[in-house]
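Work through the exercises below with the sequence and the model side by side. Try each task before you read its solution.

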Amino acid sequence: MGPPGKRDEVWFTSLYAAEYAHIVRYGLRRLGDADASAELAQEVFVVAWRRRGEIPDRALPWLYGVARRLLANQWRSRRAAPDLLPITEADLTRAADPSAADTALGVADIRAALATLNDLDQEILRLVGWEELTVSEAAQVLGCTRTTAAVRLHRARRRLAVAMSSRPVRSRRQLLTTAREEL
């Protein structure tokens with residue numbers, strides 16, 4: 001993206017064009033609402049504009065980290081009367097226009113198993129699987145070291161496998177194959 005001195009409106013416009021859709025999809029998978037997702041993306045880019053000198057060359061993990069913190073702040077501030085869905089419920093809610101990945105056989109079972117995991121396990125699995133980040137990039141989003149993120153990912157995968165193990169053996173194999181293709 002260039003040195004901080006070159007981070008003008010042209011640079012920001014190209015960043016926005018390249019990453020906006022990724023941030024909206026990130027929000028949609030967590031909020032289950034297209035309007036709230038678009039609003040989240042706008043907030044992320046407001047922060048990005050203000051802090052443009054801090055954005056690394058590979059900006060997407062940094063933007064995901066901002067989105068994650070904004071969502072956490074919203075959820076904390078709205079506990080009394082939540083109008084946003086918690087992460088575990090957002091995955092079980094279907095959007096009006098589901099993506100092609102959501103129509104594959106077994107996605108509902110994978111989502112149900114994922115919903116049994118704690119929020120941190122769900123987040124590391126989503127970052128690596130759905131957002132297609134590397135372990136290092138996921139660590140940046142989560143604000144931890146690469147080693148810590150790798151350990152969290154390993155444990156979360158193991159817990160997901162255990163959560164899915166209550167399924168019949170034949171369908172579990174199909175689910176794991178489908179999950180690998182999607183993730």
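**Exercise 1. Count the helices and strands, then describe the protein as a whole.**

Solution. 
Step 1. The protein has 9 helices and 0 strands. Helices (H or I, at least four residues) and strands (E, at least two) are DSSP runs, numbered from the N terminus.
Step 2. Read from the N terminus, the elements run α-α-α-α-α-α-α-α-α.
Step 3. This is a predicted model: local features need pLDDT of at least 70, side-chain atom pairs count only at pLDDT 80 or more, and totals for chains, interfaces and linings use all residues. Residues are numbered from 1 along each chain as its sequence is written, and side-chain values use heavy atoms, with hydrogens and water left out.
Step 4. Of the 183 residues of the protein, 39% count as buried. Buried means under 20% relative accessible area, exposed over 50%, partly exposed in between (1.4 Å probe, protein chains only).
Step 5. Take the contacts with a separation of 6 or more: residues 24 or more positions apart account for 63% of them. Contact means heavy atoms within 4.5 Å.

**Exercise 2. Describe the pair formed by Tyr 20 and Phe 45.**

Solution. 
Step 1. Start with the rule. Rings of Phe, Tyr and Trp (its six-membered ring) pair if their centres lie within 6.5 Å; planes under 30 degrees apart count as stacked, over 60 as edge-to-face and the rest as tilted.
Step 2. By this rule the count comes to 6 aromatic pairs.
Step 3. In one of them, Tyr 20 and Phe 45 lie 6.3 Å apart, centre to centre, with 35 degrees between the planes, and the pair is tilted.
Step 4. Tyr 20 belongs to helix H1 (residues 9-31) and Phe 45 to helix H2 (residues 34-50), so the pair links parts that are 25 residues apart in sequence.
Step 5. Tyr 20 is partly exposed at 22% relative accessibility, while Phe 45 is buried at 3%.

**Exercise 3. Which ring lies under the charged end of Arg 52?**

Solution. 
Step 1. A charge sits over a ring if NZ of Lys or CZ of Arg is within 6 Å of the ring centre and within 35 degrees of the ring normal.
Step 2. The ring is that of Trp 49, with the charged end of Arg 52 3.8 Å from its centre.
Step 3. Likewise, the charged end of Arg 30 sits over the ring of Tyr 26, 3.7 Å from its centre.

**Exercise 4. How do H7 and H8 pack?**

Solution. 
Step 1. H7 and helix H8 (residues 146-164) pack at about 100 degrees, with axes 8 Å apart. Axes are lines fitted to C-alpha atoms, for helices over the stretch in contact, and angles run from 0 to 180 degrees between N-to-C directions.
Step 2. H7 is therefore roughly perpendicular to H8. Angles under 35 degrees count as roughly parallel, over 145 as roughly antiparallel, 65 to 115 as roughly perpendicular and the rest as oblique.
Step 3. Val 135, Ser 136, Ala 139 and Leu 142 in H7 meet residues in H8, including Arg 146, Ala 149 and Leu 153.

**Exercise 5. Is Ala 138 buried or exposed?**

Solution. 
Step 1. Ala 138 is in helix H7.
Step 2. Its relative accessible area is 0%, so Ala 138 is buried.
Step 3. Leave out residues up to four places away in sequence: Ala 138 touches Ile 124, Leu 127, Val 128 and Leu 133.
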